[in-house]
Amino acid sequence: MFVPIAMALTVGALGWVYQSLKPPPPKICGSPGGPPITSPRVQLRDGRHLAYKEMGVAKEEAKHKLVIIHGFDNSKDINLPIQQVKELMEELSLYVLTFDRAGYGESDPYPSRSVKSEAYDIEELADKLQIGSKFYVMGISMGAYPAYSCLKYIPHRLAGVALVVPFVHYWWPCLPANLSRDGLQKLLPMDSRAFRVAYYAPWLFHWWMTQKWFPSLSLTAGNMAVFCPQDMEMIAEMSKSPNPHQLAEREVFDTLRHDFLVGFGDWEFDPTELENPFPSNTSNFHIWQGYEDRVVPFQLQRFISGKLPWIRYHEVPEGGHLIVHYNGLGEAVLKSLLVGEDPLTLDHVKP
């Protein structure tokens with residue numbers, strides 16, 4: 001009698017564990033029970049849809065075409081200072097394309113996504129919208145790994161690349177063990193633990209991010225200690241115009257699990273062994289980093305930039321992880337990327 005009961009309890013426990021570890025199916029925009037579609041979208045060859053937004057000068061007339069890749073907990077509606085400066089876009093003859101990466105906002109999820117697939121999503125989106133054979137790419141925070149992917153898999157399509165506070169994989173083989181260890185120790189303990197789970201136990205990551213027993217990640221727990229004072233000033237200003245597509249319940253699976261597991265997964269290439277894709281041995285690859293960044297330590301960016309001498313490295317002395325939103329920084333990033341105008345000093349860049 002006790003054996004069947006024990007077996008039933010065991011099966012029930014295993015079922016509970018399985019459900020805890022298994023992510024729920026994502027809700028697809030436009031499907032029954034899913035969020036409505038409010039933005040233009042393109043359909044990719046595999047049937048998925050990517051939502052996008054266009055700004056600036058008409059693409060038919062623009063001299064420069066820029067694709068902006070948003071980071072974690074964001075979307076194509078990312079609020080950047082350049083969007084409010086119509087004169088700057090006209091001065092630079094700039095067309096800007098932003099889009100919701102797979103699983104974000106109004107774009108369909110892609111369970112099979114990889115570092116490589118991110119580059120080909122961008123290439124196909126650019127071709128569907130006919131923005132030309134070459135374009136610039138700007139990757140922000142977590143949006144850096146798709147930009148690195150573009151450098152690896154579609155370098156012939158790139159006119160230039162800018163990475164702003166770019167994501168770093170702490171277990172890249174190229175990083176010295178002591179540098180990775182020190183970088184992880186500089187993070188908030190909860191973030192360091194979450195990154196380790198994503199890397200060492202990806203099968204556990206869904207449970208880790210959805211359990212209620214302890215905070216799993218500072219950015220989702222609302223822990224403001226991850227931001228420096230300059231970032232906090234910027235957050236207060238940005239709260240006046242909230243992003244309509246910031247992290248919601250349905251994105252917990254699509255964004256966190258996919259972004260973190262892909263970002264901390266197998267890249268199939270070493271970023272420090274990338275070849276310069278730009279002609280005549282010139283460089284149009286920029287990294288912008290805040291010295292006070294508490295999400296990605298500056299020491300890691302300095303190391304990567306040192307391994308690739310064709311990277312043009314810019315460090316904002318008092319900047320944190322939100323420097324892309326600071327007044328003056330957006331203009332500096334664009335002018336250095338598009339017309340080669342490097343700022344003499346970044347001390348003027350403030351929230």
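This note walks through the main features of a predicted model, point by point.

1. **A pair of strands to look at.** Strands β3 (residues 64-69) and β4 (residues 94-99) run parallel and are joined by 5 bridges. To find your bearings here, look for histidine 64, which stands opposite leucine 94 in β4.

2. **The nonpolar core.** In soluble globular proteins, nonpolar side chains tend to be buried together. Here the largest nonpolar core has 102 residues. Those with the most contacts inside this core are Leu66, Phe135, Met138, Tyr148, Phe195, Phe260 and Phe285. Helix α4 supplies the largest share of the core, 7 residues.

3. **Phenylalanine 285 up close.** Which residues does phenylalanine 285 touch, not counting those up to four places away in sequence? They are Tyr148, Leu151, Val161, Leu163, Phe278, Trp310, Ile311 and Arg312. Two residues in this contact, Phe285 and Tyr148, are both listed among those with the most contacts inside the core.

4. Side chains of opposite charge can pair when their charged atoms come close. The whole structure holds 18 salt bridges. One of them brings together the side chains of glutamate 124 and arginine 45, at 3.6 Å from N to O. This pair links distant parts of the chain, 79 residues apart: glutamate 124 sits in helix α3, and arginine 45 in the loop between β1 and β2.

5. **Two buried pairs.** Glutamate 106 and lysine 76 meet through their side chains in a salt bridge of 3.7 Å, N to O. Glutamate 106 belongs to the loop between β4 and α3, and lysine 76 to the loop between β3 and α2 (86-91), so the pair ties together parts that are 30 residues apart in sequence. Both residues are buried. Next, arginine 101 forms a salt bridge with glutamate 118, with 3.5 Å between the closest N and O atoms. Because arginine 101 lies in the loop between β4 and α3 and glutamate 118 in helix α3, this pair ties together parts that are 17 residues apart in sequence. Arginine 101 and glutamate 118 are buried as well.

6. **A network of charges.** Salt bridges that share partners join Lys53, Lys76, Asp77, Asp100 and Glu106 into one network.

7. In helix α9 (residues 229-238), Gln230, Asp231 and Met234 are buried. Why do the buried residues line one face of the helix? Seen down the axis of α9, they fall within an arc of 95°, so they share one face. The face turned away from this buried side carries the exposed residues Pro229 and Glu233.

Notes. Residues are numbered from 1 along each chain as its sequence is written. This is a predicted model: local features need pLDDT of at least 70, side-chain atom pairs count only at pLDDT 80 or more; totals for chains, interfaces and linings use all residues. Side-chain values use heavy atoms; hydrogens and water are left out. Two strands pair if DSSP finds at least two bridges between them. Helices (H or I, at least four residues) and strands (E, at least two) are DSSP runs, numbered from the N terminus. A nonpolar core is a set of buried Ala, Val, Leu, Ile, Met, Phe, Trp, Tyr and Cys residues joined through side-chain atoms within 4.5 Å. Buried means under 20% relative accessible area, exposed over 50%, partly exposed in between (1.4 Å probe, protein chains only). Contact means heavy atoms within 4.5 Å. A salt bridge is a side-chain nitrogen of Lys or Arg within 4 Å of a carboxyl oxygen of Asp or Glu. The arc is that of the directions from the helix axis to the C-beta atoms.
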